[in-house]
Amino acid sequence: MRKKALSPASRRAYALEAVEEGLGSGRKVCRILEVPRSSYWYRPKEKTPWERRLLKRMIELSDKHPRYGYRRIAALLRQEGWPVGKRRIQSLRRSLGLRVPPTKRKIIRRGYSTGLPVKAEYKGHVWTWDFICDGTTRGGALRMLTILDEYTRECHVLRADRALKSGDVLEWMSRAIQQHGAPAFLRSDNGSEFIAKTVQKWLSENRIKTIYIEPGSPWQNGYVESFHGRLRDECLNREQFWTLTEARLVIEDYRREYNTFRPHSKLGYLSPARFAARKTAPSPSPVGLRPPYAGDGQPNNNQLETKIIPKD
């Protein structure tokens, strides 16, 4: 036996096969396989002309609508005047092996994180990058690459183009690193441009650890999502871009205004550039002696504890 027979029809089929191979009589095989002899000797009746026409029409509808299940096929037959119920259609389709193929779940590609999720504690600690899409008035696509410092909220790159691939992403990341230095961590989603092997290899060679968020969890990349909300509300929804050149000029002007002028509520209503000028990266301390840091990246003296060792 190739597999366990569960249904009566399967057990009957195995019983018929065993008798044909000479493994035993019909009575003996029915007793071993627990098949009622009435079921073993049952011979289906020949279909009537009406049933043959119904079967033919059901097969035609199933071929025409391969994604329709037995309920919809039964509904279509009833609309045509066939007095049939859904259970009969289900039985007929099952006997012929007609079923709706299951939908194949798309395998989501995920990047390999080389660093643990971490909160930015100083300038250049954690950067994040992502894309935002828009379009020109003439119907052309606009795709914008954003590179943001999570601690200072500075937008280092806001590049608009028709399409941006992994090579373009690395080019603009290199420019940002040349101007601002390399970050310790880089947070992103699992977009194809960010998980490409060339990108991961380049980041590894430059000793930049990657932090990929969970698929379908944009809240894990909240800093860049918040920036995109402000960008769309304050710039994209207010402007009409006729050409790519016009879009680049307007978007770059917004990036500079955002960095140098716009007060940020999470930075004490300072602009990101002014906030970055006030904060510097903490100096390295010996292992075991690093003081805890407050939310602004500065040592929190209130959290330091002094232990007094009594003398004998």
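Where α10 meets α11, with contact meaning heavy atoms within 4.5 Å, the residues Phe227, Arg230, Leu231, Glu234, Cys235 and Leu236 of α10 touch Val250, Ile251, Tyr254 and Tyr258 of α11. These divide into 8 nonpolar, no polar and 2 charged residues, where Ala, Val, Leu, Ile, Met, Phe, Trp, Tyr, Cys and Pro count as nonpolar, Asp, Glu, Lys and Arg as charged, and the others, Gly among them, as polar. The model is a predicted one, in which local features need pLDDT of at least 70, side-chain atom pairs count only at pLDDT 80 or more, and totals for chains, interfaces and linings use all residues. Residues are numbered from 1 along each chain as its sequence is written, and side-chain values use heavy atoms, with hydrogens and water left out.

Helix α10 (residues 222-236) and helix α11 (residues 244-260) pack at an angle of about 120°, their axes 11 Å apart, with axes being lines fitted to C-alpha atoms over the stretch in contact and angles running from 0 to 180 degrees between N-to-C directions.

Helix α4 (residues 49-64) and helix α6 (residues 86-96) have axes that come within 11 Å and cross at roughly 75°. The contact draws on α4 residues including Trp50, Leu54 and Met58, and on α6 residues including Ile89 and Leu92; by class it has 8 nonpolar, 1 polar and 3 charged residues.

Turning to the strands, β2 (residues 141-149) runs antiparallel to β3 and is joined to it by 6 bridges, and Leu145 has Arg159 in β3 as its bridge partner.

Technical notes:
Helix = DSSP H or I, 4+ residues; strand = E, 2+ residues; numbered from the N terminus. Pairing = 2+ DSSP bridges.
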